[in-house]
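Subject: The two-chain model and what turned up in it

Dear colleague,

Here is the structure I said I would pass on to you. Please open it beside this message and keep it in view while you read.

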Amino acid sequence: MFTALLIEQLLNGLQLGLMLFLMAAGLTLIFGVMGLINLAHGSLYMIGAFACATVAAATGSFWIGLIASLTAAAGVGAIIEVAVIRRLYDRDHLDQVLATFALILILSEGSRWLFGSFPLYLDIPPVLQGAVPLPGGGQYQLYRLAIIGVGIAVAAGLYMLISKTRLGMRIRAGESDREMIGALGVDIGTLYTVVFALGAALAGLAGALVGALQSVQVGMGEPVLILAFVVIVIGGIGSIKGALVGAVIVGVVDTMGRFLLPSLLALTMPASQATTIGAALASMLIYVVMALILAFRPSGLFAAQS
Amino acid sequence: MNRETTINLLLAALLLGAPLLATAIGEPFYVTLATRVAVLALAAVGLNFALGLGGLLSFGHAAFFGLGGYVAGIIATHAFNAEPLFAGIPATTSMPLIWVTAIVVAGIAALPIGAISLRTTGVYFIMITLAFAQMIYYFAISWPAYGGEDGLSMSMRNAFPGVNTAKPLPYFLICYAALIATLLFFRVVEGSRFGSALQAARQNGTRLAAVGIAPFNIRLVAFVVSAMITGFAGALYADLNRFVGPSMLSWHMSGELMVLIILGGKGRLFGPVAGAMIFVFLEYVLGGITERWQFFLGLILLGIVLFARGGLLGLLSGKPRHV
């Protein structure tokens, strides 16, 4: 029984990790190519979830909702890139933090205006309802397995995109020398908009997928945003590979910490105390891991060369 | 006396005069607003120490603000229940003792956080300070002994010898005095050898190292002092609201402290004061018109970051001295 529970928790950790990867990949790509720290990435996640929930409720199809979430997040991403973000590329980090903080206020309150303060709900599509048996007994939700699959597919797709295609070549060139590829005739403004919209679409996808597991509400993006920051700091900012490794580390450590710490502490102290202390420590665990990693590798596990 | 000094004195006089007037015409609510301005300004003066002078973009100063607040709240709760704090140390309701404790606790927390965070620079530093603040935030939420998610209410304000702190005006005067004293401290440090070294560390750490001063130590001291000031403000904030909750530790709070500095003008002595005045004014005026006031705050902030980079003091008093 314990083995089954352990496998289930490991899978949960993996699912959380791959969902974080969808967020972190966009953040790290945007930072790597444009040198921009984007706090509003969590708002794009929220927009994806709202678009999916609204369209799925109107059409009755989760899949149309999913397409809507990608479109909405990429569209809003492109609009804010053109209207605001592109003025920030040559500013310092402080201006970027504040301007994107202002965007969070605008987008969060704007969504509350449009959708109200009550959470929306999104159903898991019928095909993915149900559970699959796990080795050692026990069952696992099919939908969560599907999220793991999507995460792996996106990771593979991003790898192909960046290493094999012309767009990927331009993105890599933009990371290493933006003046030079501008001089070689690449329209750098459009490239930046495309990269930003791509990152936004990934965030929107993550929001839509998670929207079916929890309620869709204003502010849902912020805890995820901060976890995604931890991920890219651990992985090394600018590195997609680092984002994947960091995301899995954060997802698994967080989930396993919440699962194991209370029981481990219960060996040395009364059960009720162990539960509260264990929960408190588990919520801090990933930050401790991050601090440890940075104490030894101040620019993350897979730091991109500057 | 240059234009910025004149404006600074005017701001100081305005912040003192408004609550006196409000008390005279019997509108104590405005005194509370002014107290809020003074306390938020004090917290932002602390951040300005690291951010304005040292160029350290801490996105985690809510941690120190909240720690200061929790110190005040926890000590007051123990005193109210007549329980010792720990190891038989009696609790107290004396503000000066609580302030010293809050300042020391914030400093002790800032030492390891700063020592680890300052190994990194740029965007890493922003995110690490944010992550440490989140760590403390989640700890406060999941630790039930002091209110957890609900926070901790204090049954009455702590005491200051010879002052009736329960009344709005005396408490305002305490906070105002704390703010002015800290601003004087800021000015003295800014002009001192340490302040010069800190500003040199901001402008060019390599050059500072080349003349024989280790930038790391200078920055760490600045980070700790900055956290102590913000922790002090946190204790005052808890007493102002007679409540302390996890929202004081949240990353929105860290963002707001940065916003205060930018609204007023980065690196300027009275920047945080001007910023806190604008912020509380907007919060009050926009909040009275629409419950969606944060939407408009966001627009205003975006406009200032994009088009008015010097903040209010930049608009009013021209270029900063050190350009």
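Does Arg242(B) count as buried, exposed or partly exposed? Please keep in mind while looking that this is a predicted model. Arg242(B) has 17 C-beta neighbours inside 10 Å, and it therefore counts as partly exposed, since a buried residue needs 20 or more and an exposed one has 12 or fewer. You will find Arg242(B) in the loop between α9 (215–241) and β2 (243–244) of chain B. Its backbone deserves a look as well, as the phi of Arg242(B) is near 50°, a positive value in a residue other than glycine. For background, most residues other than glycine have a negative phi.

Now to the two chains, beginning with chain A. The secondary structure of chain A amounts to eleven helices and two strands, and along the sequence these follow the pattern α-α-α-α-β-β-α-α-α-α-α-α-α. Chain A has a radius of gyration of 20 Å, and because this is close to the 19 Å that the globule rule gives for 306 residues, the chain is as compact as a globular protein of that length. Its C-alpha trace spans about 65 × 50 × 35 Å along the principal axes, and 49% of the 306 residues of chain A count as buried. If you take the contacts in chain A between residues at least 6 apart in sequence, 77% of them join residues at least 24 apart.

Chain B can be described in a similar way. Its secondary structure comes to 13 helices and two strands, and its C-alpha trace spans about 55 × 50 × 40 Å along the principal axes. A compact globule of 323 residues would have a radius of gyration near 20 Å, and the 19 Å of chain B agrees with that. Of those 323 residues, 54% count as buried, while residues 24 or more positions apart account for 75% of the contacts in chain B with a separation of 6 or more.

Next comes the place where the chains touch. The contact takes 35 residues from chain A and 36 residues from chain B. On the side of chain A that touches chain B, the elements giving two or more residues are α4 (93–115), α9 (221–235) and α11 (271–296) of chain A, and α4(A) gives the most, with 14 residues. By class, the residues on this side of chain A divide into 27 nonpolar, five polar and three charged.

The crossing in which α4(A) passes α12(B) is left-handed. Among the residues that meet here are Leu98(A), Leu103(A) and Ile106(A) in α4(A), and Phe295(B), Leu299(B) and Leu302(B) in α12(B). The contact of α4(A) with α12(B) has 13 nonpolar, three polar and two charged residues.

By class, the contact of α3(B) with α9(B) has eleven nonpolar, seven polar and one charged residues.

Phe270(B) has 27 other C-beta atoms within 10 Å, so it is buried. Leaving aside neighbours within four places in sequence, Phe270(B) is in contact with Asn8(B), Leu11(B), Gly264(B) and Leu313(B). The C-alpha atoms of Phe270(B) and Gly68(B), which are 202 residues apart along the chain, are separated by 23 Å.

With best wishes

Conventions: Residues are numbered from 1 along each chain as its sequence is written. Chains are lettered from A and ligands numbered from 1 in the order in which they are written. This is a predicted model: local features need pLDDT of at least 70, side-chain atom pairs count only at pLDDT 80 or more; totals for chains, interfaces and linings use all residues. Two residues are in contact if their C-beta atoms, placed from the backbone, lie within 7 Å. Helices (H or I, at least four residues) and strands (E, at least two) are DSSP runs, numbered from the N terminus. Ala, Val, Leu, Ile, Met, Phe, Trp, Tyr, Cys and Pro count as nonpolar, Asp, Glu, Lys and Arg as charged, and the others, Gly among them, as polar. A crossing is left-handed if the near helix is turned anticlockwise from the far one by less than a right angle, and right-handed if clockwise. The radius of gyration is taken over C-alpha atoms; the globule rule is 2.2 Å times the number of residues to the power 0.38.
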